[in-house]
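Biologist: Please show me the model, and then I will ask about it.

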Amino acid sequence: MAIELTWYGHGTWLVDAGGHKILLDPFLNENPSSPVKADDVATDTILISHGHFDHVADAASIANRTDAQVVAIYEIATWLSTNHAVQNAIGMNIGGQVSLPFGTAKMVPALHSSQLPDGSYGGDPAGFVLTIGEQKIYFACDTGLFSDMQLIGEMGIDVAVLPIGDLFTMGPEDSVTATRWIKPTTVLPAHYNTWPPIEQDAAAWASSIESATDASAVVLQPGESFSM
Ligand code: NI
Ligand code: MN
């Protein structure tokens, strides 16, 4: 199956898997690096990694406009349903896997925090491993480095998407260690260059990946896509 990953800047991705459109952490209208606005995105599945504004900002409006299936940790799914009238939210938790029209999504740990924008408790932060046909994509989402990434690597990851911005997540150096542990074929950076405090030199990062790991580094500009 043809799988295409499009980066909308920051932590927002659209995965097109044979026509299924999976939107991760929609932060578009107030995302200075996004080339698209929330009203212009087509999606049938929305994945939410954690409760911070820069990950849930446009989730409810897009879910309510598109009737997309939302998948999030239980507390965030409940918040979207109760406070934002989202109709189709599946609540799950770390370690669980859910079957979706494109394949499966497994919720994996992330080392971060997760308060929702109105101060509500957002449960624990998470990442996702998507299985689409024979392919596995690991979205680490907002996280520091943690050694259980080696266990995620044992799942056989084809593409890993890692934060490199530092300050709020791991930085470039830790993402190289993460890549050695996850052993993906390809690694893409995210969660950087949105604002000055998380500016990074992606070309230098890519050189480090290429010299210190067996993975290929693919650096996208916001709006660009990578085909698996
Ligand atoms: Ni965050
Ligand atoms: Mn974030």
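Biologist: Which backbone nitrogen does the side chain of Thr12 reach?

Modeller: This is a predicted model, with local features needing pLDDT of at least 70, side-chain atom pairs counting only at pLDDT 80 or more, and totals for chains, interfaces and linings using all residues. Residues are numbered from 1 along each chain as its sequence is written, chains are lettered from A and ligands numbered from 1 in the order written, and side-chain values use heavy atoms, without hydrogens and water. A polar contact is a pair of N or O atoms within 3.5 Å; within protein, one must be able to donate a hydrogen and the other to accept it, and residues adjacent in sequence count only if both atoms are side-chain atoms. At 3.2 Å, the side chain of Thr12 reaches the backbone nitrogen of Phe27.

Biologist: Is Thr12 buried or exposed?

Modeller: Thr12 sits in the loop between β1 and β2 (13-17); strands are DSSP runs of E, at least two residues, and helices runs of H or I, at least four, numbered from the N terminus. Buried means under 20% relative accessible area and exposed over 50%, with partly exposed in between (1.4 Å probe, protein chains only). Because its relative accessibility is 0%, Thr12 counts as buried.

Biologist: What is the bridge partner of Thr6 in β14?

Modeller: Two strands pair if DSSP finds at least two bridges between them. Strand β1 (residues 3-7) pairs with β14 in the antiparallel sense over three bridges. In β14, the partner of Thr6 is Ser225.

Biologist: Which are the edge strands of the open sheet?

Modeller: The sheet has seven strands in the order β6-β5-β4-β3-β2-β1-β14, with mixed pairing. Two of them pair on one side only: β6 (89-92) and β14 (225-227).
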